Structure formats: structure tokens, C-alpha cells
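Dear colleague,

I am passing on the structure below, and I would be glad if you could look through it with my notes beside you.

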Amino acid sequence: MTTMTVAQALMTFLSRQYTVDGDIRQRTIAGTFGIFGHGNVAGIGQALRQLGHEDPAAMPYHQGRNEQAMVHQAVGYARMNRRRSTFAAAASVGPGAANMLTGAALATANRMPVLLLPSDTFATRVADPVLQQLEHPHDTSLQVTDAFRPLSRFFDRVDRPEQLFSCALAAMRVLTDPAETGAVTIALPEDVQAELIEVPDEFLTERDWHIRRPLPEPGPLDRAVEAIRNAEEPLIIAGGGVLYSDAENELRAFAEATGIPVATTQAGGGVLDHDHPLNLGGVGATGSAAANRIAASADVIIGIGTRYSDFTTSSRTAFTNPDVSFVNLNVTGFDAYKHGSRHPLVADARAGLLGLHERLGDFRVGPEHARSVRTEKANWVAEVDASTAPTDADLPGQPEIIGAVNRATGARDVVVQAAGSLPGDLQKLWRTRDALGYHVEYAFSCMGYEIAGGLGVRRAIDAASDDRDVVVMVGDGSYLMLHTELVTAVAEGLKLIVVLVQNHGYASIGHLSETVGAPRFGTWYRKHDADSPEFRTDEILPVDLAANARSYGIDVVEIDPGPSASTRLAEAVEAARAADTSTLIHINSDPLVYAPDGEGWWDVPVAASSTMADTRDARAAYEEERSTQRPLL
């Protein structure tokens, strides 16, 4: 037995937990982010300081600038590690804890393991109410940390020191379970953190947590094989589960052996190289016309590791073959059974692919389907070539900007994005050449994720002694939401290449608003005019985001408007790749230049009644689109 504080015991315990996945064994919690206040500086803060003096490698501490961003960094790190390793994030009482709520929701929506350690008010209530404590007359026990309950895959509060043991072990189980993982929250009252506890030696010894890779059951596997064998126009939809299972090689082998084309979700981007003849690109609302046309006529959809979000299914309008059926291979029954699938296959993606491949034998798609796939892919490649090619425009459109950045990056570099119009354009246009090269957070699509998530990716690359660059593409709207982690990049020498696309407003919602009867309302960054509630004046805000970034100590390159803007952008990216420090490249764009139409649709309801003609017209178009929706996929 060892006498320690609760915080010291928890930090020591976390430093000795390992994830094992086949032959791979690595630390489950690679380190801790923390912003300290009165709620945790004497508990978690003291424990991290003491552990750092005793063994600097045991639990590395990293400063945060924003609690939400700390969680985003952990998510970026976890994805690059295929969910085998993540970070803990510690926050103080009240607003510090509340700031982490968005990050918790993002982690759970993306099924990404993160360990959250928000502080809580006194368990003894001896100093009730303390600074930053909520008070509810109907429930005096209710606090900020209770808001984590619906946002977490696991939640517990350590009200007594003895509760730590069962709580910590249960938290580790969820963090390392591919079917259950997400935000794991342990609320820590500030007084309990500093209390003494007798800790059993067994609690502090190294412990391995083996990731489950369940095999498909024979019966469901046989039925799935039969459905595929009877298909004439099958299509694979590959999601993030392929990546997290290390199954990209098995996916490629399965597709090549059967000739079944592959479309990808945002989370599945990169699982098949862009130039593979069977890769049709993204599918759904922001997908390619090639993938969406093949999806429309497909008679069997083989979903592998996908949640079937509304973007993937074009809000249930993507699959129009009246006889379409679904083989859903997923490690979670929740996703495998979605939308009434008759062929759920609850298994690890890699194990399931191997099982399907073996039992399908010599099955191969017919020549007519193969010709359609080749034709649609060739047509889409030509569309991408045309839309991303350099022009002489003074203000290049976003497709041209994406093309310039893509051509200037290395084959193994990682593009990071999350929100606005960029995710949709990237899914259509970015040519990914590595399984981990496409990092777009689109389950929660959180504005502000980009720079913080990019830092998490950078930490994972550095930990693996890899030679990739991290290219963060961010619009001005998302940049303004959360850019302070640039300070972290400078402080820790973490190299990012940030391409800041200046739209002078919200480009994505601006475009969407034109289709839903609220054209460009509230989406321009303009001076306020009391007589013009739409912020549509001609006076652009005199905000200098390049100067803002420069004030943080980061190198900044400004691409002035002019005929060769995209060419100069590519040159700046190449120079940034050769540099050892972070670079932010600022470029003005024309937000009214759009990517090619991928023929997908997204259900955003339009006002059913309006005095405005454009809204009435939008409602009529909406009703027409919605008429093709199906109650099941």
C-alpha cells in the first residue's frame, strides 16, 4: 500500500496504462493538457508537478489556451493513432469545466477516446457555495459537471477517495473499447483531489487493455455473402471504422478481387488512394457525382465502419433503387442495425472484410457495372481537374485554392479541416494519397477545431518520429472562433502549415442560405447598419487576420490579390514545408466560386409559409427534393 492524494494516485495510475492491439502496445494516455484554477491547481496540478519531477516521461504536461481546444488536440492525436492512444484534459471548476463541453460532444460524436477531468465543487460542501459554483434550489447537488453526462460515453464523480479505483478502471475500459469509446469524464471535487488515500500496489502496476476485434458470426456472414453474390451493381461505402481497424489493405484487396467500387465518407477519406480505379470519391451530400450516380442505381450497399450520417445518405435520398439492400459491417450493433438493415454484420472491419473476401470466392461484378464505374470516375476526374486548375483571377475561388495546396503538399502530408464550406469542397476535390492523409472532423463539424486538431495530429506525428507535414485549411469564420492555439504551436515548437482562406464572412452558410430562402442573411462580415439588419453594407470590416496571427509569433505569408495568386500560394506552401517552424499563409478568395455539383442533397427545412418570394420558391424546390426521401435507407 502507498499513501497518496487522490490526484497523485490517479495520475500515477494513468501513466501506467497501455493499449494493446495485436503486436502494437502504446501508452493509452500519452500526457495531460491542463488549465489550472482554484479547483484543480492544488490537486491535479500538484500531482502533475510532483510526477514530472520524479519521472518526466511518466505523464508529460502541456499547457492549454482554451479548454475546448485541449479536447480537440486529444481528438486529433487519437485519430492519428487509430484510437489506440489519447490525452487527458484537466479543467478547473465552473467556466473551465463548461468550456470543455463542446469538446466532449465532438469526441463522442466522432467516437474518439478522450479522458476529461473537470473539477467540481467541494464534496463536503463545507464552503458552500464556492466561487464559480452553480446553485439550484430544487437540487443542491447539481453542478456544471452534470452537463457532461449526455455528452460522455462514460461519466462518474469521485465523491469519496475510495471510489477512485472502480471509477478509473471503468473509465479505461470505455476508452479502449472500439464499440463504446468517446468522451470519458471523471468529475473530481476540488477537496477530494487533495485528500489522502491508501492505494493498493496492484492499482499502480502496469496494466494492458486489449482492443477487441470481434469476428463475424457464421450465420450473418453467410447471409451477407449471399446478398452480395446476388448483386448486379454493388457499392462499398467505407467509413472511419476501416481506418480505426487498420483495414485499408484488406479493403483494397477485397475491392480489387471483386471489382466492387468504393465510395468514402468524410471519416473514411484516404482509406483508398484517390487514383485507384475503384475509388469513386466521397458519397452523399458533398460527395462526387461519380459516387452518387453509382449509389443511385446500386442494388446492394456494403457499408463498412460508417454511421450513415445524413451527409452520407444525402438525407436518405442517395439510394433510389427500389430493391436496394444493405450489408452493414460495423463493430457496434447500434450502427450495424441502422435503418432497418436486413444484413447486419457486427464485427471488426478488418475481420469482417477478411471473412467476406474468403467466402465470396471468385465473385466479380459484371462488365456493364465495371464500365459504368470507369466512365463515371473518368468524368469526375475531368471535373476536378478543371475546377482546381490555376486561373488568372485576382481572387481565386476555393476549388482553385484547394488545388494549389494539394499540388504543393507531399504524398503523406495530412490535411486538417472541420467546418464551413471547406469540408464539402475537400471531400470532392482533395486527392488523398495516404490512409492518414485526410483528417476532416465532420461528425460534429465544429468551427474552431482546425488549428487545435492540427496540433493533436502534429503531436502524434512527432511521437512516431514521422516526416509528414500537417496542413490546416481554415476559413476566416472558423479561425475567429478558436485561433489561440497558435500560441501553443509557437511555445512548444510544433510545426503547422495553416492556410487561412479569407472570405469576409461565412462562406458555407452563405451558399446554403441561398437555397433555403434566406439569401446571405447574416453571413457577410460588414459594418452594422441599423437600417439594414442583414449586414449587407459595402463596408468590409477592417480586420487584419494576418496581423493577428503574426502577433502570436508565427511566421506569416500574405498572398496579395492578383492574377497569379494561386501559383504564389503553392510556392508559399512549398516554402513552408521546407521550413522548421510554423507558417500561416493568408489568401483572399472569391466565396461565390463553387466546386462542381456532386448531385447530392441535404435536408435543411425551409419555412412553410412566407411573404418573401425567394423563400416561397425555395420551399417549392425543397418539397420536390424531399419527395424522393425514403423512411428507410
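Which residues make a nonpolar surface patch of about 240 Å²? That patch is made by Phe36, Val41 and Tyr61. Please keep in mind that this is a predicted model, in which local features need pLDDT of at least 70 and side-chain atom pairs count only at pLDDT 80 or more, while totals for chains, interfaces and linings use all residues. Residues are numbered from 1 along each chain as its sequence is written, and side-chain values use heavy atoms, with hydrogens and water left out.

Accessible areas come from the Shrake-Rupley method with a 1.4 Å probe, and for residues only the protein chains shown count as cover. Phe36 lies in the loop between β4 (29-34) and α2 (41-54), where helices (H or I, at least four residues) and strands (E, at least two) are DSSP runs numbered from the N terminus. Phe36 counts as partly exposed because its relative accessibility is 32%, given that buried means under 20%, exposed over 50%, and partly exposed in between (1.4 Å probe, protein chains only).

Arg82, in the loop between α3 (67-80) and β6 (86-91), has a positive phi near 55 degrees although it is a residue other than glycine, and Arg82 is buried, with a relative accessible area of 11%. Ser314, found in the loop between β15 (300-304) and β16 (325-330), likewise is not a glycine and has a positive phi of about 50 degrees; Ser314 is buried at 2% relative accessible area.

There is also a cis peptide bond, which joins Asp128 and Pro129 with an omega of about -10 degrees, and Pro129 is found in the loop between β7 (114-120) and β8 (154-157). For background, most residues other than glycine have a negative phi, and most peptide bonds are trans.

Key:
Patches are made of residues with over 30% relative accessible area and no salt bridge: like charges are joined within 9 Å, nonpolar side chains (Val, Leu, Ile, Met, Phe, Trp, Tyr) within 5 Å. A salt bridge is a side-chain nitrogen of Lys or Arg within 4 Å of a carboxyl oxygen of Asp or Glu.
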